[in-house]
Amino acid sequence: MNIDTSKYIKELSEELKETSNIVVVSHNNPDGDAIGSVIGLAQFLKGVSRATVTVVSPDSLPGFLSWMKGADEILCFDRNPGSVVKHIEEAELIVCADFNDYTRLGAIEKFIR
């Protein structure tokens with residue numbers, strides 16, 4: 001089956017032009033893949049939209065991942081629950097990266113749903 005993705009890319013591009021607040025979410029107990037995915041996706045979204053992009057994680061990052069550029073900007077629910085919830089509630093678009101089930105959201109699942 002041949003799917004023409006250009007239609008979906010155009011729709012997403014139009015949506016991003018009109019979105020002013022995006023939250024990118026990693027899964028609980030984030031590993032290197034999760035952190036790299038959310039940081040990279042956030043950088044991409046900042047480059048293609050005018051939106052404010054915030055990265056959130058249910059848990060703090062392992063210390064050995066703190067070297068990653070942008071890791072210090074990730075809001076962690078276990079350290080700043082009020083701030084994370086505020087960003088989620090104000091988001092026009094929430095993008096979940098590197099997981100396939102809401103249960104991987106841990107403590108923030110109820111706010112994302």
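**Pocket lining, fold and aromatic pair**

The lining of the largest pocket divides into six nonpolar, three polar and two charged residues. The model is predicted. The volume of this largest pocket is about 150 Å³. Its lining consists of Ser60, Leu61, Pro62, Ser66, Ala71, Asp72, Ile74, Leu75, Cys76, Arg79 and Asn80. Asp72 and Arg79 are the two charged members.

The secondary structure of the protein chain amounts to four helices and four strands. Read from the N terminus, the order of elements is α-β-α-β-β-α-β-α. The C-alpha atoms fill a box of roughly 40 × 30 × 25 Å along the principal axes. Of the 113 residues, 39% are buried. Among contacts with a separation of 6 or more, 67% are between residues 24 or more positions apart.

A search of the whole structure returned one aromatic pair. Phe77 and Phe111 form this pair, with 5.9 Å centre to centre and 45° between the planes. Distant parts of the chain are linked by the pair, whose members are 34 residues apart. Phe77 lies in the loop between β3 (75–76) and α3 (81–90), and Phe111 lies in helix α4 (residues 109–112). Phe111, at 30% relative accessibility, counts as partly exposed.

Technical notes. Residues are numbered from 1 along each chain as its sequence is written. This is a predicted model: local features need pLDDT of at least 70, side-chain atom pairs count only at pLDDT 80 or more; totals for chains, interfaces and linings use all residues. Side-chain values use heavy atoms; hydrogens and water are left out. Rings of Phe, Tyr and Trp (its six-membered ring) pair if their centres lie within 6.5 Å; planes under 30 degrees apart count as stacked, over 60 as edge-to-face and the rest as tilted. Helices (H or I, at least four residues) and strands (E, at least two) are DSSP runs, numbered from the N terminus. Buried means under 20% relative accessible area, exposed over 50%, partly exposed in between (1.4 Å probe, protein chains only). On a 1 Å grid over the protein atoms alone, a cavity is a set of points where a 1.4 Å probe fits but cannot get out, and a pocket is an open set with protein on both sides within 12 Å along at least five of seven lines; lining residues have an atom within 4 Å of a point. Grid points are joined across faces, edges and corners, and a volume is the space filled by probe spheres set on the points. Contact means heavy atoms within 4.5 Å.
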